[in-house]
Amino acid sequence: MGGVETLFNSSTELFDTAANRVLTNANLAYKTAGLSANAYMDTVTSFSASLLQSLEGDTQAAVDKADMAITDMSDNANKMGTSMESIQNAYQGFAKQNYTMLDNLKLGYGGTKEEMERLLEDATALSGIEYDINSYADIVDAIHVVQTEMGITGTTAREASTTIEGSLNSAKAAWSNLLVGIADDNQDFDKLVENFVDSVVTAADNLIPRIETSITGLGNLIEKLLPVIVEEIPGIVNDILPELVESGINMIQSILNGIEQNLPQIMEGALLIVNQLISAFLEMLPQLLDIGVQIILQLILGIGEALPTLIPAIVEAILLITETLIENIDLLVDAAIQLISGLAEGLIAALPILIEKAPEIIIKLVDAIIENAPKLLEAAFEILKKLEEGLNTYLPQLLAVIPQLNAAMVNKFLSLAGKFMEIGRKYISQIKDAIVNKWEELKGSVPEWVNSLIQNFMNMISGFSEIGSNIVHGIWNGISAGWDWLIGNVKNLASSLLDAAKSTLGIHSPSREFAYLGRMCTAGFEEGINGLMDPDGISRNVSASLGSIRANMEGTSTGRNYGTYTQVVNVNREISTPDELARALRVESRLGLIRGYGPWAPGLA
């Protein structure tokens, strides 16, 4: 900008207008010449002195000629493929009356003064205007006429809006202007941003269709090349694979040698890294856990809020998933068997840890449930309330659907019954064939299976015996361990009772009082015996109200006749009911009052 101000400075009041026009053209150069504003003004200042001199200081005309010259340079570069720098050097040489680089323009003229004169003559023939080789302005005009005739003029502007290279150059120039505007408060930054966005959109419009075409072409290319490549793969593999394998083996061997030689250092470094990682992880663990619990709470809250909207979509997804699973049920069964097997092995391996941690986990879980019981009850009440509302609203619809559902299930089952029967016959046949084919192997294993089963059962019984023995021992050990405690408490109780008796009954000498009680008990016992031995007393106490009971019993046996026998039973007690009679007979029998006679009861007579 400083060079523009210097070159286009004049004593007239038109200076500001000329300089501003140069700046305006420079800001549009990203689109008209594919140049940034700085590059445009740098080019202008490289030949403006000669241009102004040939125009006798007319700054307004110099602005127009300079803009035309730069546009012609850019058009030539875009059309003829010459670098912009070579063309700029040629124009700068023309300003110094040096024509050796005229051939850089690729217009069909050599790098001599005579060739430049021929160009001017051709331009005169095209335009009818006489051009002077000593006037830089005339040279610029003549080149413009020739390039217009050759269809070069306007190429940059067209390519900036229609070609990939032109539009990318335009975007690049607009970006350079934007970078300058960031640091220059005098720039119209909003306009610079707008220009850059427009240029990028134009570049995208030109680029995206070519990308689409390229992708399509790439697909066609792959389609055509793939058979050829596949055909050549075996030969390539046979030629290259052995060398690759050998190289790979050598490489692995070198790596192993290096590891072996440096193993101590590697282990030391690895342990250091592991220790550092573990220490860092332990330090961050509380923070990680805190962050995780925030995340989980937010996730739960979000899911809870979104559930009314998500549930219909989830149901639809479940139906689709169910259909897909049914179609692949055989694969899923195999995978499930493998999964269950692996899960069982993992659980068995982890049982010691689970058993050890189970009490702690259960205690914490119970504590948490107890602490949150009010909230859980309140939530359960709300859930039940919602379910009640839903059932009240949709129960008629559900009841209307149930008959249809039953009918559909019955019809489906009936339609598939034949298939189930066929599958059953198929598997039964396969099982039968398998047993027949494997019977020779199986029958030799049956005794072993039976023995194994019996042995396992005996081991189990032995285990139960051991468990029972351990239980009995444990009970006895508990009793033994508590015996001293029991004796001590009984002594303490007896002492307490004695103290209470002494206090309540006023007993001051327990030995004398209890001796007295002993004498009284003996006297009472003796009086009772004497009363019992009194004939009148015995008769009164043991006479039976029913008198003597006579029981007549006969017994015979098939094939042998043992005769008949008679048994008399005297029951010396009061009998009031048949039940009491039966009990009395059982008592007399146990006491040996009923005796057996005859050959049916040998040894009892």
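These are my notebook entries on a predicted model of one protein.

**Entry 1. Overall make-up**

I began with the secondary structure and found 16 helices and 2 strands in the protein. I then looked up burial: of the 605 residues, 17% are buried. The exposed surface comes to about 44,100 Å², and carbon and sulfur atoms supply 63% of it. I also checked how far along the chain the contacts reach. Among contacts with a separation of 6 or more, 50% are between residues 24 or more positions apart.

**Entry 2. Confidence**

The average pLDDT of the protein is 74, and 74% of the residues score at least 70. Where is confidence lowest, and where is it highest? The lowest mean, 41, belongs to strand β1 (residues 549–551), and the highest, 94, to helix α6 (residues 113–127). Over residues 538–560 the pLDDT is below 50, and the model gives this stretch 33 contacts beyond near neighbours in sequence.

**Entry 3. Helix α3**

I turned to helix α3, which covers residues 37–54 and has 18 residues. From first C-alpha to last, α3 reaches 25 Å, close to the 26 Å expected at 1.5 Å a residue. I still found a bend in α3, of about 50 degrees, at Ser48. Ser48 is also one of the buried residues of α3; the others include Tyr40, Phe47 and Leu51. Just past the end of α3, I noted Glu56 with a positive phi of about 55 degrees.

**Entry 4. Helix α10**

Helix α10 runs over residues 189–261. I looked for a bend and found a kink of about 40 degrees at Ile240, shortly before the proline Pro242.

I then listed buried residues in α10; among them are Leu192, Ser199 and Ala203. Asn195 counts as buried because its relative accessible area is 8%, under the 20% cut-off. Leaving out residues up to four places away in sequence, Asn195 touches Asn27, Tyr30 and Ala174.

**Entry 5. Ile87**

I looked up Ile87 and placed it in helix α5 (residues 84–95). Is Ile87 buried or exposed? Ile87 is buried, with a relative accessible area of 0%. Beyond its neighbours within four places in sequence, Ile87 is in contact with Met73, Asn76, Ala77, Thr82 and Leu105. I checked one of these partners, Asn76, for distance. Ile87 and Asn76 are 11 residues apart in sequence and 8.0 Å apart in space, C-alpha to C-alpha.

**Entry 6. Salt bridges**

Side chains of opposite charge can pair when their charged atoms come close. I looked for such pairs and the count came to 3 salt bridges.

One of the pairs is Asp64 with Arg21, whose closest N and O atoms are 2.3 Å apart. Asp64 is in helix α4 (residues 59–80) and Arg21 in helix α2 (residues 15–32), so this pair ties together parts 43 residues apart in sequence. Both partners are partly exposed: Asp64 has a relative accessible area of 42%, and Arg21 has 28%.

Another pair is Lys65 with Asp141, at 2.4 Å from N to O. Lys65 lies in helix α4 and Asp141 in helix α7 (residues 136–149), so I noted a link between distant parts of the chain, 76 residues apart. Asp141 counts as buried, at 15% relative accessibility.

The pair Arg118 and Glu115 meets at 2.8 Å, N to O. Both residues lie in helix α6, 3 residues apart, which is about one turn of the helix. Arg118 is partly exposed, at 33% relative accessibility.

Terms used: Residues numbered from 1 in each chain as written. Predicted model: local features only at pLDDT ≥ 70, side-chain atom pairs only at ≥ 80, totals over all residues. Heavy atoms only, no water. pLDDT = per-residue confidence, 0-100. Helix = DSSP H or I, 4+ residues; strand = E, 2+ residues; numbered from the N terminus. Contact = heavy atoms within 4.5 Å. Expected span 1.5 Å × (residues − 1). Bend = angle between axes of the 7 residues up to and from the residue. Buried < 20%, exposed > 50% of the residue type's maximum accessible area, 1.4 Å probe, protein only. Salt bridge = Lys/Arg side-chain N within 4 Å of Asp/Glu carboxyl O. Areas by Shrake-Rupley, 256 points an atom, 1.4 Å probe, with all protein chains shown as cover.
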